[in-house]
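Subject: Structure handover

Hello,

Here is the structure I promised to pass on. My notes follow it, so please have a look at the model first and then read on.

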Amino acid sequence: MRLLLSVLLGLLILSPQLQAQILKAEQKQAPALRDIIEQRLQMANPMIIVDAVSPSDIDGLYEVTANNGQIFLTTVDGKYLIDGKVLRVEAGKFVDVMDEKQKPVRAALLAQVPLENFIRFPPEGEVKGVLNVFTDVDCGYCQKLHSEMPELNALGIEVRYLAFPRAGLGSASYQKIASAWCADDKQ
């Protein structure tokens, strides 16, 4: 019994050292793994630049962060790419894993946009919340949201628009939205 306890105690003491060695070995392999995955993905799209590769929460899959901030999953050889919803099952709900990972990235990118780049509709009084909207002037849902501006402002919500002409640059939607952003009275 004493021998067994001694062995177990020895393993517990060595465990952090073993973990450190394993982590070092993984870190040495990481650049090679990153290169393998990036090369494979670039076969399909040469524009993909991989910033980081790390093990994901799902055994056998790796989380890949591209230089544009996009996060997706791949197999170790980069042969398969998962770009979409990955749901984690929890008590009473499903959690969108990829959306959770993207939230801080999106928030950081949005925080970098200067306030003068938005068309803002602040409330009269205290600002209790901010709603950032990527808008297209020809989008029916965007038009409906805009018609509800007085109600949102009355609740203390500031609405901030950023342009998102779905038809692309040079389209009629782009021309309309550009005229709003360039106007003296942007609202």
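A word on cavities before anything else: on a 1 Å grid over the protein atoms alone, a cavity is a set of points where a 1.4 Å probe fits but cannot get out, and its lining residues have an atom within 4 Å of a point. Grid points are joined across faces, edges and corners, and a volume is the space filled by probe spheres set on the points.

This is a predicted model, in which local features need pLDDT of at least 70, side-chain atom pairs count only at pLDDT 80 or more, and totals for chains, interfaces and linings use all residues. Residues are numbered from 1 along each chain as its sequence is written, and side-chain values use heavy atoms, with hydrogens and water left out.

**The cavity**

The count comes to one cavity of 30 Å³ or more. The largest cavity has a volume of about 40 Å³. Its lining is made up of Ser56, Asp57, Ile58, Glu63, Leu73, Val86, Val97, Met98 and Lys101. Of these residues, five are nonpolar, one is polar and three are charged (Ala, Val, Leu, Ile, Met, Phe, Trp, Tyr, Cys and Pro count as nonpolar, Asp, Glu, Lys and Arg as charged, and the others, Gly among them, as polar). Helix 2 (residues 97-111) gives the most to this lining, with three residues; helices (H or I, at least four residues) and strands (E, at least two) are DSSP runs, numbered from the N terminus.

**The rings**

You will find one aromatic pair in the structure. The ring centres of Phe121 and Tyr161 are 5.6 Å apart and the planes are at 75°, so the pair is edge-to-face (centres within 6.5 Å; planes under 30 degrees apart count as stacked, over 60 as edge-to-face and the rest as tilted, with the six-membered ring used for Trp). Phe121 belongs to strand 7 (residues 119-121) and Tyr161 to strand 9 (residues 157-163), so the pair ties together parts that are 40 residues apart in sequence. Both Phe121 and Tyr161 are buried, meaning under 20% relative accessible area, with exposed over 50% and partly exposed in between (1.4 Å probe, protein chains only).

**The cysteines**

The structure holds zero disulfides, a disulfide being a pair of cysteine sulfur atoms within 2.5 Å. The sulfur of Cys139 has its closest cysteine sulfur in Cys142, 3.3 Å away, which is too far for a bond. Cys139 counts as buried at 10% relative accessibility, and Cys142 counts as buried at 14%.

Best wishes

Technical notes: 1 Å grid on protein atoms, 1.4 Å probe; cavity = no way out; pocket = protein on both sides within 12 Å on 5 of 7 lines; lining within 4 Å.
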